[in-house]
Amino acid sequence: MNSPFRSAFSLIALILFTGAGTLPGQDDARWLQEKGTLIFHDAFEREEDGNLAKAIGEGWNSATADRAPDTKQVDLDEGIMKIASATKEAGHAAHIHHEAGFTDGGAIIRFRFPGLSEDEGLQLGFVDREVQGVHAGHLCYAILAEKSVTLIDHKTGIMNLENRKRRDDAVAAKEKIPKDLEKLLATKQVVEKWKADEEWHELVLVTEGDEMRLSIDGKVIATHHSEGFAHPMKRWFSFLVSSTVWVDDVKVWKVK
Ligand SMILES: [Ca+2]
Ligand SMILES: [Ca+2]
């Protein structure tokens with residue numbers, strides 16, 4: 001082989017080789033397990049203790065349980081965390097969180113939509129209540145809906161207090177949101193097609209620098225770059241659930 005052919009061949013070989021699962025992000029479960037430290041693992045093999053904020057135990061807390069004390073929003077049953085939001089009674093989707101604490105890292109969970117209610121979906125991501133200028137410290141999330149997966153940077157998007165005020169002012173005045181804000185918000189998220197079903201799945205959600213990635217059953221479904229993903233302290237790992245979802249084997253890892 002002469003040398004131009006040989007370099008073209010080497011380049012192709014390199015592309016094929018790096019495409020075969022060795023790039024960071026191609027197998028994020030492995031990335032977390034090999035490069036990360038396990039912050040916590042919960043398999044939910046116990047019973048909950050009542051309905052209130054600390055009922056789940058093992059360091060979990062609910063921001064919404066005490067608002068609807070007569071309703072069981074989390075039932076630990078058959079070794080699974082079965083979430084049923086009392087959205088109406090609590091005036092908010094169920095928000096369940098656990099200390100995390102990383103810059104780069106993420107979560108591996110198993111989840112299932114049990115088919116118990118309309119509009120089953122799952123929002124999960126990271127919160128830092130100590131950050132200033134961001135509504136309730138909402139940093140970034142993955143949102144699973146019936147036909148889509150969204151990755152969204154809330155920190156520098158709609159939960160940034162200035163952006164949020166401009167949006168709310170426009171809504172209050174029954175005006176369209178300002179064009180520049182609409183354009184900015186569009187850059188803060190990516191929406192990919194995905195089809196929900198009622199099977200168990202493994203989900204991996206990671207942040208690495210300013211990138212967020214979501215994989216389901218070992219396949220990368222969505223990736224996005226946005227400055228808010230690089231927030232240095234993902235203090236909480238959070239679930240926001242507006243209807244019903246089952247969760248098991250939550251593992252959170254810190255890489256950096
Ligand atoms: Ca139970
Ligand atoms: Ca379990």
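**Legends to views of a predicted model**

**View 1. The whole protein and its dimensions.** For 256 residues, a compact globule would have a radius of gyration near 18 Å, and the protein has 20 Å, which agrees; this radius is taken over C-alpha atoms, and the globule rule is 2.2 Å times the number of residues to the power 0.38. The model is predicted, so that local features need pLDDT of at least 70 and side-chain atom pairs count only at pLDDT 80 or more, while totals for chains, interfaces and linings use all residues. Residues are numbered from 1 along each chain as its sequence is written, and chains are lettered from A and ligands numbered from 1 in the order in which they are written. The secondary structure comes to five helices and 15 strands, where helices (H or I, at least four residues) and strands (E, at least two) are DSSP runs numbered from the N terminus.

**View 2. Confidence along the chain.** The mean pLDDT, which is the predictor's confidence in each residue from 0 to 100, is 93 for the protein, and 90% of its residues reach 70 or more. Over residues 17–23, however, pLDDT stays under 50, and for this stretch the model has four contacts beyond four places in sequence; two residues are in contact if their C-beta atoms, placed from the backbone, lie within 7 Å.

**View 3. The largest nonpolar core.** The largest core has 50 residues, of which Met81, Ile83, Ala142, Leu205, Val245 and Val247 touch the most other members. Strand β15 (residues 244–254) gives this core its largest share, six residues. Leaving aside residues up to four places away in sequence, Met81 touches Phe44, Ile56, Val74, Leu76, Trp246, Val247 and Asp248.

**View 4. The buried side of helix α2.** In α2 (residues 28–35), the residues Asp28, Trp31 and Leu32 are buried. They cover an arc of only 95° around the axis, which puts them on the same side of α2; the arc is that of the directions from the helix axis to the C-beta atoms. Among the elements that cover these buried residues are β6 (105–112), β11 (201–208), β12 (211–216) and β15.

**View 5. Helix α4 in the open.** Of the twelve residues of α4, one is buried, so this helix lies largely in the open. Just after α4, Lys174 takes a positive phi of about 55°.

Definitions and conventions. Buried ≥ 20, exposed ≤ 12 C-beta atoms within 10 Å, placed from the backbone. Core = buried A, V, L, I, M, F, W, Y, C linked by C-beta atoms within 7 Å.
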